[in-house]
Amino acid sequence: MSETLKIGVAGLGTVGVGTLQLIEKHYELIAQRCGRPVLVTAVSARDRRKDRGLDLSAVRWFEDATAMAADPDIDVVIELIGGADGPAKEIVEAALSNGKHVITANKAMIAHHGTELAQRAEQAGVALACEAAVCGGIPIIKTLREGLAGNAINGIYGILNGTSNFILSSMRDTGREFGEVLAEAQKLGYAEADPGFDIDGVDAAHKLAILTALAYNCEVDFDGVHVEGIRDVTSLDIAFADELGYRIKLLGIARLTNGGVEQRVHPCMVRKDAPIANVEGVYNAVVADGDFVGSLLTEGEGAGAGPTASAVVADLIDIARGVRLPTFAVPASVLDRRPSRAMAEHWGGYYLRLMCVDQSGVIADITAVLRDEDISVESMVQRGRGPAGEAVPIVITTHETTEAGMTRALDRIAALDTVLESPRLIRIEPL
Ligand SMILES: NC(=O)C1=CN([C@@H]2O[C@H](COP(=O)(O)OP(=O)(O)OC[C@H]3O[C@@H](n4cnc5c(N)ncnc54)[C@H](O)[C@@H]3O)[C@@H](O)[C@H]2O)C=CC1
Ligand SMILES: N[C@@H](CC=O)C(=O)O
Ligand code: NA
């Protein structure tokens with residue numbers, strides 16, 4: 001067997017601990033598959049005294065992870081700290097400039113600096129691998145870069161955030177409140193250090209920006225993603241969706257447009273019988289439509305220690321085997337720049353929920369605004385009879401129309417005296 005591959009791991013939280021456990025448990029299996037032993041010889045985290053249930057007695061401890069990244073006795077640095085900038089980026093840059101391969105689960109960093117870091121890795125002749133950064137255990141980067149390499153990708157969409165899918169599924173199935181389910185996702189190790197990234201759609205947008213670069217050979221453009229999260233999705237909307245034959249899912253969607261690319265993350269109404277509607281809990285799924293392969297759905301756990309460690313170690317095994325692949329589907333130096341399509345140009349159906357005073361003329365006023373914007377109503381439901389002055393929900397679904405017209409209509413509807421709360425809008429996605 002050839003020489004041992006020596007690993008330094010920065011960050012020993014959910015993913016770091018899971019990765020060390022996997023490498024320890026499958027030491028023999030990994031050595032067999034790589035034709036050489038793979039050993040964690042150094043680690044760095046914030047608190048040395050913390051009990052992580054790991055035996056670190058034979059491993060060098062670095063207080064300064066950047067020093068670890070520069071240590072001549074380490075071949076591969078695994079960055080599992082998180083954050084687009086700060087220590088994580090410094091460590092990765094130090095590792096690359098010292099000629100070390102890097103593996104990272106850090107989607108925020110790749111979404112913001114992926115093109116530049118991949119170029120640095122290529123110049124240094126080392127790997128920068130990030131399978132764990134997108135959809136945890138699903139090998140979606142490998143799928144796009146390798147398995148579908150012969151296809152032009154017509155479109156790609158998916159459930160890209162485990163925490164928000166867990167919240168939406170649990171709210172629907174158990175009637176539990178948003179906050180309570182989020183706390184459980186945090187306890188299970190699914191959520192980001194700042195869970196706002198999960199529930200406001202930012203984490204899904206990080207992943208979508210990476211998938212777009214892989215699918216369309218373009219630079220990673222996080223700022224080009226339209227982002228909305230699930231904070232405003234209520235149990236009432238979930239119940240109305242069910243009644244109308246839909247489920248609410250937070251989706252990331254990317255498509256080529258004329259000369260550009262459309263990238264959007266927002267809650268969607270999807271028909272209950274669509275495969276993606278039945279992906280529940282912490283599971284993620286990605287549907288890629290290739291021109292020769294057709295539609296391909298991959299599904300698996302998108303967060304948590306085990307699935308994420310599985311992806312980290314898959315990258316590690318590639319490196320140990322001597323496989324050298326670019327971070328994206330083409331070398332970073334030849335990635336194109338593609339302009340993003342504005343959300344105002346979106347064309348689709350809409351679900352609107354309005355909380356209105358229960359009096360005559362209300363519906364006529366609302367439909368008059370929709371008529372003025374040439375928006376055609378598909379269905380309308382009013383529930384209950386409220387006591388005088390109390391709000392009752394009116395739910396409207398529309399045929400396809402423009403986002404710009406819908407935004408103008410909603411501004412006027414929100415200003416009506418009989419509409420008591422901000423209107424809720426959820427886009428209907430025909431998948
Ligand atoms: N938790 C999950 O399910 C998944 C997480 N990720 C990503 O993996 C990365 C790590 O996530 P988690 O393990 O959940 O986070 P975590 O918060 O559980 O762990 C972070 C670790 O980094 C250490 N750390 C912080 N600053 C440091 C520094 N300056 N030097 C050395 N260590 C430092 C902390 O002590 C802690 O051990 C993040 O980029 C996250 O987005 C990716 C996929 C799934
Ligand atoms: N917080 C993320 C973790 C995995 O990327 C999620 O919930 O999906
Ligand atoms: Na993955």
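This is a predicted model: local features need pLDDT of at least 70, side-chain atom pairs count only at pLDDT 80 or more; totals for chains, interfaces and linings use all residues.
**Entry 1: around ligand 2**

I found Gly136, Asn161, Gly162, Thr163, Tyr190, Ala191, Glu192, Asp198, Asp203, Gly302 and Ala303. I then sorted this shell by residue type. Three are nonpolar, five are polar and three are charged.

**Entry 2: H1 against H12**

Next I turned to two helices. H1 covers residues 14-25, and H12 covers residues 305-321. Their axes lie 8 Å apart, and the packing angle is about 65 degrees. I checked the handedness of the crossing, and it is right-handed.

Which residues in H1 meet H12? I listed Thr14, Val15, Val17, Gly18, Thr19, Leu22 and Ile23 on the H1 side. On the H12 side I listed Ala305, Gly306, Thr308, Ala309, Ser310, Val312 and Val313. By type, this contact has eight nonpolar residues, six polar ones and no charged ones.

**Entry 3: Lys107**

In the model, I found Lys107 in helix H5, which spans residues 107-124.

Is Lys107 buried or exposed? I counted 29 other C-beta atoms within 10 Å of Lys107, so it is buried. The cut-off for buried is 20 or more.

I then looked for contacts of Lys107, leaving aside neighbours within four places in sequence. I noted Ala133, Val134, Asp203, His206, Lys207 and Ile210.

Definitions and conventions: Residues are numbered from 1 along each chain as its sequence is written. Chains are lettered from A and ligands numbered from 1 in the order in which they are written. A residue is near a molecule or strand if its C-beta atom, placed from the backbone, lies within 6 Å of it. Ala, Val, Leu, Ile, Met, Phe, Trp, Tyr, Cys and Pro count as nonpolar, Asp, Glu, Lys and Arg as charged, and the others, Gly among them, as polar. Axes are lines fitted to C-alpha atoms, for helices over the stretch in contact, and angles run from 0 to 180 degrees between N-to-C directions. Helices (H or I, at least four residues) and strands (E, at least two) are DSSP runs, numbered from the N terminus. A crossing is left-handed if the near helix is turned anticlockwise from the far one by less than a right angle, and right-handed if clockwise. Two residues are in contact if their C-beta atoms, placed from the backbone, lie within 7 Å. A residue is buried if 20 or more other C-beta atoms lie within 10 Å of its own, exposed if 12 or fewer, and partly exposed in between; C-beta atoms are placed from the backbone.
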